Amino acid sequence: MALAVCLLFDRPTERVLRRLWQRLEDQGVRTLATHTHRRHVPHLSLAVLRSWDLDKVRSAMEALPDAGPTTIRFDAVAAFRRGRMSLVPAVTSTLAARQERVVEALGATDDELHKHYVPGVWTPHVTVATRARLDQTPLVLEAVYEIVPLTGTLTHAALIDAGTGIAYPLTTVP
């Protein structure tokens, strides 16, 4: 599976996103709430590794200076391949630089780093629907348009094993 370096939201933003997931689930749209191991949390991934050594990744992330909380603003929704729909934040130079620092600190090879997380290719996003069918797109858009614009604060970080949902909290925020 994969290991993600994730920024996690403050409680109020997390509640808004979980309510969005629940609304969509109630309408038959699959979200991270019921995806795979059902342990997903609202997050923004800075990097996803396809192969990793947990201790080395943790050490690399905790060696970075603590960048502290960051506020992001969502005013858009994107439809990715295979029915994945996501909230897309405004990409600030600070957010892009943060992601680039994380990838650089990981020292990941092309084989290790997932291709969608290469700096310059990365599209920051927070997943809303995991496998929305074309006829469900209006349901997702309607639900998202009721909460955007949304300003959220990413206050803490963790390494998350995508296969199990186990989160390994970081002592700093990369």
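These legends describe close-up views of a predicted model.

**View 1. A tilted pair of phenylalanine rings.** The structure holds one aromatic pair. Its members are phenylalanine 9 and phenylalanine 74. Their ring centres are 6.3 Å apart, and their planes meet at 50°. Planes under 30 degrees apart would count as stacked, and planes over 60 as edge-to-face. The pair is therefore tilted. Phenylalanine 9 belongs to strand S1 (residues 3-9), while phenylalanine 74 belongs to strand S3, so the pair ties together parts that are 65 residues apart in sequence. Both phenylalanine 9 and phenylalanine 74 are buried.

**View 2. The surroundings of phenylalanine 74.** Which residues does phenylalanine 74 touch, leaving aside those up to four places away in sequence? They are Phe9, Leu87, Val88, Pro89, Val126, Val148, Pro149 and Leu150.

**View 3. The largest nonpolar core.** This core has 49 residues. Which of them touch the most other members? They are Leu44, Met61, Phe74, Leu87, Val102, Leu106 and Val140. Strand S1 supplies the largest share of the core, with seven residues.

View 4. Helix H2 spans residues 54-63. Its residues Val57, Ala60 and Met61 are buried. Seen down the helix axis, the buried residues of H2 fall within an arc of 95°, so they line one face. An α-helix has 3.6 residues a turn, so residues three or four places apart point the same way. The cover over the buried residues of H2 includes S1, strand S2 (43-49), helix H3 (93-106) and S6. The face turned away from the buried side carries Asp55 and Ala63, which are exposed.

**View 5. The start of helix H2.** Look for aspartate 53 and aspartate 55. A side-chain oxygen of aspartate 53 comes to within 3.0 Å of the backbone nitrogen of aspartate 55.

View 6. Is the peptide bond joining valine 148 and proline 149 cis or trans? It is cis, with omega about 0°. Proline 149 sits in the loop between helix H4 (137-145) and strand S6 (150-161). Valine 148 and proline 149 are among the residues that phenylalanine 74 touches.

**View 7. A positive phi at arginine 82.** Most residues other than glycine have a negative phi, and most peptide bonds are trans. Arginine 82 has a positive phi, near 60°. This residue lies in the loop between strand S3 (70-79) and strand S4 (85-89). Is arginine 82 buried or exposed? Its relative accessibility is 67%. The cut-off for exposed is over 50%, so arginine 82 counts as exposed.

Technical notes
Residues are numbered from 1 along each chain as its sequence is written. This is a predicted model: local features need pLDDT of at least 70, side-chain atom pairs count only at pLDDT 80 or more; totals for chains, interfaces and linings use all residues. Side-chain values use heavy atoms; hydrogens and water are left out. Helices (H or I, at least four residues) and strands (E, at least two) are DSSP runs, numbered from the N terminus. Buried means under 20% relative accessible area, exposed over 50%, partly exposed in between (1.4 Å probe, protein chains only). Rings of Phe, Tyr and Trp (its six-membered ring) pair if their centres lie within 6.5 Å; planes under 30 degrees apart count as stacked, over 60 as edge-to-face and the rest as tilted. A nonpolar core is a set of buried Ala, Val, Leu, Ile, Met, Phe, Trp, Tyr and Cys residues joined through side-chain atoms within 4.5 Å. Contact means heavy atoms within 4.5 Å. The arc is that of the directions from the helix axis to the C-beta atoms. A polar contact is a pair of N or O atoms within 3.5 Å; within protein, one must be able to donate a hydrogen and the other to accept it, and residues adjacent in sequence count only if both atoms are side-chain atoms.
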